[in-house]
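Open the structure in your viewer and keep the selection tool at hand.

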Amino acid sequence: MMAPPVSPAASSPPGPSLRDIHLPPEPSWWPPAPGWWGLATLLLLAVLAAIWLWRRHRRALHQRQQVLLEVDRLVLRHRRDGDQAALASGLHQLLRRVARRHDALAAQQRGDAWRQTLARMPVDAATLDRLLALDLQIYRPPSSFDHAAAVIAVRQWLRLALKPEAWKRTASEHVHA
């Protein structure tokens, strides 16, 4: 017993012959959408800003180290030769050079103007007096000069002064800002 042969028309449903759904290809990953370009630009700018800030910080740190090494050289020279006037002069010149970075007139200031420039750093009155005494010590004959206290005061002031954010603004700077 054999089954009767099935005709192809009998096995397919009535109507047109349909194929399966054909999906479009996946979108290409290139070129990226505009939002990705914006994100990449922001990321690049952030990396460049970080590099710039890091280099600026390293340069400022190097400058601080160089200035403090100069204090060490002055102290070593004083230990060798014992010249108090040379030590006072060197420390005073170093103070003036660093102060001139923030105030162009610092190199010419005397008396109260120089005191105000030095006072822009948050140091106590005793430290400020030791720094002002350096100016007078240069012109005096060798006398009792507490060079150790002067060196400590200079180091303290320089550590603060070499950080630009530590400088207090003067009244004239507030007006111009």
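Are α2 and α3 roughly parallel or roughly antiparallel to each other? Keep in mind that this is a predicted model. Select helix α2, residues 34-81, and helix α3, residues 84-102; their axes cross at roughly 170° and come within 9 Å. An angle over 145 degrees counts as roughly antiparallel, and α2 and α3 are therefore roughly antiparallel. The crossing of α2 past α3 is right-handed.

Next, show the side chains where the two helices touch. On α2, pick Gln63, Val67, Glu70, Val71, Leu74, Val75 and His78. On α3, pick Gln84, Leu87, Gly90, Leu91, Leu94, Arg97, Val98 and Arg101. By class, this contact has eight nonpolar, four polar and three charged residues.

Now turn to the salt bridges, of which the whole structure has four. Start with Glu70 and Arg97, whose side chains meet at 2.7 Å, N to O. Glu70 is in α2 and Arg97 in α3, so this pair ties together parts 27 residues apart in sequence. Glu70 counts as partly exposed at 23% relative accessibility, and Arg97 counts as partly exposed at 36%.

Move to Asp135 and Arg96, a salt bridge of 4.0 Å, N to O. Asp135 is in helix α5, residues 125-137, and Arg96 is in helix α3, 39 residues apart. Both Asp135 and Arg96 are buried.

Finish with Arg115 and Asp129, which form a salt bridge of 3.4 Å, N to O. Arg115 lies in helix α4, residues 111-118, and Asp129 in helix α5, so the pair ties together parts 14 residues apart in sequence. Arg115 is partly exposed, at 30% relative accessible area; Asp129 is partly exposed, at 41%.

Conventions. Residues numbered from 1 in each chain as written. Predicted model: local features only at pLDDT ≥ 70, side-chain atom pairs only at ≥ 80, totals over all residues. Heavy atoms only, no water. Axes fitted to C-alpha atoms, helices over the stretch in contact; angles between N-to-C directions. Helix = DSSP H or I, 4+ residues; strand = E, 2+ residues; numbered from the N terminus. Parallel < 35°, antiparallel > 145°, perpendicular 65-115°, else oblique. Left-handed = near helix turned anticlockwise from the far one by under 90°. Contact = heavy atoms within 4.5 Å. Nonpolar A, V, L, I, M, F, W, Y, C, P; charged D, E, K, R; others polar. Buried < 20%, exposed > 50% of the residue type's maximum accessible area, 1.4 Å probe, protein only.
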